[in-house]
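Biologist: Hello! I am new to this one, so could we look at it together and talk through a few of its charged side chains?

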Amino acid sequence: MEWLMVAFVALLLAGHVRSEEIPYEHLMSQLQACPKECHCSPSFPNAVYCDNKGLKRIPVIPPYTWYLYLQNNLIDVLSADALRNATQLRWINLNRNKITSEGLEADALKAMSNLVHLYMEDNLLSSIPSPLPAKLEQLRLSRNRISKIPPGVFSGMDHLTLLDLQGNKLQDDAVTEVSLKGLNNLIQINLAKNQLNTMPLGLPPTTTQIFLDSNNIEKIPAEYFKGLPKVVSLRLNRNKLANGGIPKNVFNLSSILDLQLSHNQLTEMPVISSGLEHLHLDHNKIKSVNSSDVCPPGALDDYLNEKGPRLRYLRLDGNEIKPPIPQELMMCFRLLRAVVI
């Protein structure tokens with residue numbers, strides 16, 4: 001009877017799986033090797049679902065697994081033995097477990113040479129895992145206890161485009177040019193909710209999205225963005241920025257489209273570029289809006305061509321500004337579609 005059931009499932013799978021993705025003999029092997037603690041969907045044979053099972057250890061994973069879901073368990077050890085056959089893994093989700101840096105066995109991750117997405121959020125890691133798979137594209141380690149980034153941990157990580165370290169214990173001496181060396185194609189970095197007092201050093205010039213919310217940053221160096229020509233989105237909400245910590249033209253960047261400075265200590269609007277589209281300045285100490293200071297030079301003259309101000313969304317609520325919105329501001333930013341005041 002058991003062989004009839006396997007044959008029946010195999011027939012069902014034939015309609016869902018293309019032969020070039022998983023050969024028939026591999027499919028049968030995958031079905032038979034699915035861990036008893038987990039679930040393997042007939043319509044998605046490359047995925048193994050072991051989430052929300054109360055597991056304390058990782059079961060032995062079948063060799064043709066591409067996607068492994070282990071979130072919401074009690075796992076405290078990432079065992080190389082359990083993953084020794086899972087060399088084709090593309091994606092592993094270990095969020096919300098109890099894995100410590102000491103419980104991360106040597107070479108447990110390195111063996112997964114095809115891994116591109118690694119999720120280890122809400123664990124107990126104190127350091128960036130090392131060594132990492134060379135093909136990794138996304139590394140999500142938010143809400144751990146990470147206080148250090150070992151030198152060379154990102155060496156050879158040319159495929160990594162997203163690094164999420166939100167909600168850890170990183171201080172200024174941990175985020176340096178040395179510790180970030182090797183991130184040659186990084187696009188997004190999230191360092192929000194850490195313990196940074198200064199802008200992080202060593203960000204690669206490819207970075208387009210920088211998230212630094214909820215730190216203790218008081219000052220931005222005048223030349224900080226000189227080596228970051230591709231920054232599109234910058235979030236510095238909930239820091240300690242006052243006007244004295246922001247050089248006059250530091251945000252006058254042609255690349256930036258989204259600038260968020262909510263919940264700081266600003267008393268004036270900063271100088272912005274004509275290309276900026278979204279500006280968040282809510283919950284500061286701004287008392288008035290001086291359009292002559294905010295409006296980019298020549299804005300009114302350039303309105304009819306592409307060089308005119310592109311600001312579309314402006315948030316000023318939670319300040320000491322009283323309506324109505326100054327007419328000069330609306331004359332300058334004629335593309336404004338929403339103003340919150």
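Biologist: What is the relative accessible area of aspartate 81?
Modeller: First, a note: this is a predicted model, where local features need pLDDT of at least 70 and side-chain atom pairs count only at pLDDT 80 or more, while totals for chains, interfaces and linings use all residues. Residues are numbered from 1 along each chain as its sequence is written, and side-chain values use heavy atoms, with hydrogens and water left out. Buried means under 20% relative accessible area, exposed over 50%, and partly exposed in between (1.4 Å probe, protein chains only). Aspartate 81 counts as partly exposed, because its relative accessible area is 47%.

Biologist: Which residue does aspartate 81 meet in a salt bridge?
Modeller: A salt bridge is a side-chain nitrogen of Lys or Arg within 4 Å of a carboxyl oxygen of Asp or Glu. Here the N to O distance is 3.1 Å.

Biologist: How many residues apart are arginine 143 and aspartate 122?
Modeller: These two form a salt bridge, with their closest N and O atoms 3.0 Å apart. Arginine 143 sits in the loop between S5 and strand S6 (162–164), and aspartate 122 in the loop between strand S4 (117–119) and S5, so the pair links distant parts of the chain. Strands are DSSP runs (E, at least two residues), numbered from the N terminus. The separation is 21 residues.

Biologist: Which side chain of opposite charge is nearest to arginine 140?
Modeller: Arginine 140, in strand S5 (residues 138–140), is buried yet has no salt bridge. Its side chain does make a polar contact, at 3.0 Å, with that of glutamine 138; such a contact is a pair of N or O atoms within 3.5 Å, where within protein one must be able to donate a hydrogen and the other to accept it, and residues adjacent in sequence count only if both atoms are side-chain atoms. For charge, Lys and Arg count as positive and Asp and Glu as negative, while His and the chain ends are not counted. At 4.2 Å, the nearest one is aspartate 164.

Definitions and conventions: Helices (H or I, at least four residues) and strands (E, at least two) are DSSP runs, numbered from the N terminus.
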